[in-house]
Amino acid sequence: MGGVPKQRKTKSRQANRRMHLYIKSSSLVSCPKCAKPALPHTVCQNCGTYKGMDVVDVMKKLTKKEKKQKEREIQASDKSEARNPKSETNSNN
Ligand SMILES: [Zn+2]
């Protein structure tokens, strides 16, 4: 037989034990290139860059229509970055 509890645990003791059992929200950082939220220390899912280098070819899997849209999106983000360099300072956190 396995371990058998000797005494009943009260609801509050049970709750106290379980107070750390929850899913923590994942911390996101804004991508320095496209400024979209991305997981830290990972390749950006949106633009496929990591530490300023192109790692994943994002355009490869997309259809023609999606490609056009994405190119437009990337160009827009480049322009906005040139206008306000605030996005660079935010990425340093
Ligand atoms: Zn990105």
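## Overview of the predicted chain

The chain has three helices and four strands, and from the N terminus on these elements follow one another in the order α-β-β-β-β-α-α. This is a predicted model, with a mean pLDDT of 82 for the chain and 83% of its residues at 70 or more.

Where pLDDT is low, the predicted coordinates should not be read in detail.

The largest nonpolar core is made up of six residues, namely Cys 31, Cys 34, Ala 38, Cys 44, Cys 47 and Val 58. In soluble globular proteins, nonpolar side chains tend to be buried together. Val 58, a member of this core, is in contact with Cys 47, Gly 48 and Lys 70 when its neighbours within four places in sequence are left aside.

Gln 45 is found in the loop that runs between strand 2 (37-38) and strand 3 (49-50). Gln 45 counts as partly exposed because it has 14 C-beta neighbours inside 10 Å, a number that falls between the limit of 12 or fewer for exposed residues and that of 20 or more for buried ones. The C-alpha atom of Gln 45 is separated by 8.7 Å from that of Val 56, although these residues are eleven apart along the chain.

Key:
Residues numbered from 1 in each chain as written. Predicted model: local features only at pLDDT ≥ 70, side-chain atom pairs only at ≥ 80, totals over all residues. Core = buried A, V, L, I, M, F, W, Y, C linked by C-beta atoms within 7 Å. Contact = placed C-beta atoms within 7 Å. Helix = DSSP H or I, 4+ residues; strand = E, 2+ residues; numbered from the N terminus. pLDDT = per-residue confidence, 0-100.
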